[in-house]
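We will go stop by stop, with something to pick at each one.

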Amino acid sequence: YSLELQTDDGAVVSSWQGVGAGWSQLAMRCPEAPPVINGTVKSCDGEEKSRVCQVQCDAGYAHPTHTFSCHHGVWTKTACVPDGSQWRVVNLEPTTESWAVLDVHFYVDEACAEPISDLESIDGVAFSSPVFQTKYAGYSAANAFDNDENTGWASETPCEPEQCYLGVYFRQGPVTLRCVKIIQDATHARFGSPRVALQKLTHNGFETVKQLHGLRHDTPVRIHEEL
């Protein structure tokens with residue numbers, strides 16, 4: 001059996017399809033794509049209940065994937081953000097276990113003496129690819145930016161090259177990083193990536209500005225770049 005919800009003029013906006021005795025499944029049609037902050041919606045593809053749209057950002061703004069989608073009537077939230085407002089580190093080597101990162105130090109001071117350790121004070125938000133979940137400990141992206149090696153971040157699964165990442169979105173605007181330091185667990189190499197890329201979000205997407213070698217960096221690595 002099936003049921004439909006219609007507007008006064010007969011347009012179908014949602015439907016229920018029987019999936020078993022006493023149960024039904026709601027399938028919502030995707031409404032018109034919402035506007036994109038600091039950008040425009042380009043072509044959209046897909047079916048009534050699942051659509052993907054292309055995003056074109058205004059000059060000076062960027063989007064990580066240049067796409068956003070709708071599933072069963074709900075659009076993912078999206079916006080174009082200023083170039084250089086998101087930085088991340090990405091594994092360049094495959095890992096046999098979850099990729100584990102104890103700490104990432106981003107430095108904005110010229111002397112590279114004080115890493116960012118309080119994201120809230122600078123209106124920064126940590127982000128990452130899917131996180132390893134357990135009821136006994138937390139491995140969120142923020143743990144990798146707290147200047148504490150007793151906490152850390154871990155990916156949900158082993159990582160193929162360039163599959164996993166973690167970084168910071170600086171909501172106040174573009175940031176110039178001077179140095180970076182990445183601390184992985186050098187005693188358990190199967191959780192690490194010997195090569196890591198530091199990437200910055202630009203109008204063309206995330207671009208690599210520095211490659212780092214080794215599981216642990218005890219001193220900051222300077223980034224030779226003019227933004």
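## Starting with the cysteines

Number the bonded cysteines of the protein in sequence order, and the pairing reads 1-5, 2-3, 4-6, 7-10, 8-9. Here a disulfide is a pair of cysteine sulfur atoms within 2.5 Å, and a search of the whole structure finds five disulfides.

Before selecting anything, note that this is a predicted model, in which local features need pLDDT of at least 70 and side-chain atom pairs count only at pLDDT 80 or more, while totals for chains, interfaces and linings use all residues. Residues are numbered from 1 along each chain as its sequence is written, and side-chain values use heavy atoms, with hydrogens and water left out.

Select C30 and C70. Their disulfide has an S to S distance of 2.2 Å, and the link is left-handed, with -100° about the S-S bond. This pair links distant parts of the chain: C30 is in the loop between β3 (23-28) and β4 (39-47), and C70 is in strand β7 (residues 67-71), 40 residues apart. Strands here are DSSP runs of E, at least two residues long, numbered from the N terminus. C30 and C70 are buried; buried means under 20% relative accessible area, exposed over 50%, and partly exposed in between, with a 1.4 Å probe and protein chains only.

Next, pick C57 and C80, joined by a disulfide with S to S 2.1 Å. The link of C57 and C80 is left-handed, with -80° about the S-S bond. C57 is in strand β5 (residues 50-57) and C80 is in the loop between β8 (74-75) and β9 (81-82), 23 residues apart. C57 is buried at 7% relative accessible area, and C80 is buried at 2%.

Now select C159 and C164, whose sulfur atoms are 2.1 Å apart in a disulfide. The torsion about their S-S bond is about -95°, so this disulfide is left-handed. Both C159 and C164 are buried.

## Into the nonpolar core

A nonpolar core is a set of buried Ala, Val, Leu, Ile, Met, Phe, Trp, Tyr and Cys residues joined through side-chain atoms within 4.5 Å. Select W99, V104, F106, W153 and L166: of the 26 residues in the largest nonpolar core, these touch the most other members. The elements giving two or more residues to this core are β10 (86-91), β11, β14, β15 and β16 (195-202). The largest share, four residues, comes from β11. A second, separate core of nine residues includes C30, C53, C57 and W75.

## Aromatic pairs and a charge over rings

Rings of Phe, Tyr and Trp (its six-membered ring) pair if their centres lie within 6.5 Å; planes under 30 degrees apart count as stacked, over 60 as edge-to-face and the rest as tilted. The whole structure has five aromatic pairs. W99 is in strand β11 (residues 98-107) and W153 in strand β13 (residues 153-158), 54 residues apart. W99 is buried at 0% relative accessibility, and W153 is buried at 1%.

Then select R88. A charge sits over a ring if NZ of Lys or CZ of Arg is within 6 Å of the ring centre and within 35 degrees of the ring normal. R88 lies over the face of Y165, at 4.6 Å from the ring centre, and also over the face of F206, at 3.9 Å.

Which strand holds Q184? Q184 is in strand β15, and is buried at 1% relative accessible area. The side chain of Q184 makes a polar contact (a pair of N or O atoms within 3.5 Å; within protein, one must be able to donate a hydrogen and the other to accept it, and residues adjacent in sequence count only if both atoms are side-chain atoms) with the side chain of W99, at 2.8 Å. The Q184 side chain also reaches the backbone nitrogen of S193 at 2.8 Å.

Move to F145, found in the loop between β12 (124-128) and β13. F145 is buried at 4% relative accessibility. F145 and F106 are 39 residues apart in sequence and 8.3 Å apart in space, C-alpha to C-alpha.

Finish at P174, in the loop between β14 (165-170) and β15 (179-184). P174 is exposed, with a relative accessible area of 56%. Leaving aside neighbours within four places in sequence, P174 is in contact (heavy atoms within 4.5 Å) with P82, D83, G84 and S85.
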